[in-house]
Amino acid sequence: MRQNARVTTDSRGDYQELVDEISELLGAPATLENRDFELIAFGAYDSEGDLDPSALDPVRTRSILTRRSTAAVRAWFEGFGITRARGPVRIPPTPEAGVYRGRTCLPVRHRDVVLGYVWLLDTEPGPTEPQLTAAMEVTARIGALLADEAQHGADLSRELRAVLTAERDWQRDMAVAELRTALGARADTPHAVVCVVPWPSAGPDDAPSVRTVPGATALCTMPWEGGTSQALGPGGAAGQSLALLVRLRSVDVPAPAASAAGRLLERARSAGGSADARAGTAGGTGTGVGAGARTEAGAGARAGTGGGRGTGTGAGAGTGAARGAGAAAGVAAGVSAPRIGLAELGDAWREASAAARAARAESRFGPVAEWTSIGAFRLLTALPARSAHDPAVRVLLSPAHRELARTAEVYLDRAGQAGRTAAELGIHRQTLYYRLSRVEQLTGLDLDEGEDRLLLHMALKSARL
């Protein structure tokens with residue numbers, strides 16, 4: 001049997017040890033969820049029966065993969081009285097409810113308040129009464145940990161939000177000091193900040209428990225001011241983003257932050273992110289280059305533009321823009337550069353937000369973009385929104401000239417190499433030259449001049465944001 005876990009505020013490893021201890025005590029795989037059915041930890045018990053595909057249980061599998069159970073599953077299990085129980089509750093298999101294997105629920109309580117549940121899949125032979133009694137003693141230690149975290153504000157949403165929203169230096173210094181006090185020794189460890197946008201939140205406090213996100217130290221929802229209506233909530237209301245502070249073992253290994261971002265993306269999509277993406281797709285092509293109008297790199301885009309040779313318009317323009325906008329309007333995440341300490345937490349949040357904006361603007365950055373990997377967008381995201389509407393470029397950004405804008409962007413992306421640009425767009429060189437001459441006529445810019453090229457390139461990229 002493992003040694004008793006220490007009760008500390010940095011207790012995620014303790015939860016895992018305690019769940020593993022229960023699995024070993026009972027010879028059965030165990031999972032720990034909080035009272036909202038959000039997964040905290042799960043133990044893998046190595047036995048041949050657990051690897052039998054016919055014995056897989058969809059409810060347990062979904063809980064582990066998505067780190068939460070559905071409302072229907074929650075209501076089903078609560079119907080067996082687990083919220084009131086003070087001892088193990090046996091739940092029989094019910095295939096029609098997706099419960100293919102029976103299980104035992106061990107309620108996790110502290111001072112007569114239920115704080116979570118340990119779930120055990122049935123095995124043969126089942127656990128004995130002495131084994132269950134020993135397991136319930138372990139759940140009492142889990143309950144003490146959960147209660148201790150709740151008492152000390154483990155989620156730290158208020159403290160983190162105060163740091164990120166502070167408008168004056170003295171306000172920020174006070175907020176950082178309060179967060180540092182709450183974190184204790186953890187305040188001086190390496191960390192990164194993650195931004196997930198849009199977050200399908202009904203209110204500023206509607207955020208997942210920090211205990212359900214591996215490596216998370218604190219999280220909170222934040223108003224999203226990232227630009228277009230694609231980031232807004234229903235009815236055009238201001239949208240929400242999610243801010244997450246993630247512990248790292250080293251500033252050279254940011255992988256835990258990217259992993260946490262990926263988990264939150266899945267949760268955001270399942271909770272309504274895909275609906276936001278569909279709404280954004282419908283209205284996100286107005287600028288002509290906007291979020292993903294650059295789909296010319298894909299075979300589908302090349303096929304589409306083929307129908308528009310010689311005119312610069314045609315069916316391909318609309319198809320390419322719509323397909324690109326769909327990628328950009330979806331939920332995305334950004335990860336800041338790693339840091340040690342909390343002094344630059346505001347800068348880290350701005351980096352994470354900028355990386356998330358870049359991920360929404362350019363599908364090549366992926367759904368999770370790191371600040372260190374977004375190139376020129378590190379500067380572009382710091383520019384005011386109106387910079388994308390330079391008078392010389394405003395006409396080119398209108399819907400009527402979408403294909404011309406796209407052609408100019410590809411040409412500049414390819415360092416002015418006509419052959420590569422024509423091949424990328426699937427058009428003849430003469431068609432390319434004609435389109436570029438039209439761009440010069442509309443903008444008054446000379447594409448043989450470096451500064452004019454720079455101005456046009458920045459404007460086209462900024463329009464994506």
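**Salt bridges and burial**

Author: This is a predicted model. The side chains of R267 and E38 form a salt bridge, 3.1 Å from N to O. R267 sits in helix 7 (residues 255-283) and E38 in the loop between strand 1 (30-34) and strand 2 (39-43), so the pair ties together parts 229 residues apart in sequence. R267 is buried, and so is E38.

Reader: What makes D169 and R172 a salt bridge?

Author: The cut-off is a side-chain nitrogen of Lys or Arg within 4 Å of a carboxyl oxygen of Asp or Glu. D169 and R172 meet at 3.3 Å, N to O. They therefore qualify. Both lie in helix 6 (residues 169-183), 3 residues apart, about one turn of the helix.

Reader: Why is D169 called exposed?

Author: Exposed means over 50% relative accessible area. D169 has 57% relative accessibility, so D169 counts as exposed.

Reader: Why is C195 called buried?

Author: Buried means under 20%. C195 has 0% relative accessibility, so C195 is buried. C220 is also at 0%, and therefore counts as buried.

Reader: How many disulfides are there?

Author: The count is 0. A disulfide needs a pair of cysteine sulfur atoms within 2.5 Å.

Technical notes
Residues numbered from 1 in each chain as written. Predicted model: local features only at pLDDT ≥ 70, side-chain atom pairs only at ≥ 80, totals over all residues. Heavy atoms only, no water. Buried < 20%, exposed > 50% of the residue type's maximum accessible area, 1.4 Å probe, protein only. Helix = DSSP H or I, 4+ residues; strand = E, 2+ residues; numbered from the N terminus.
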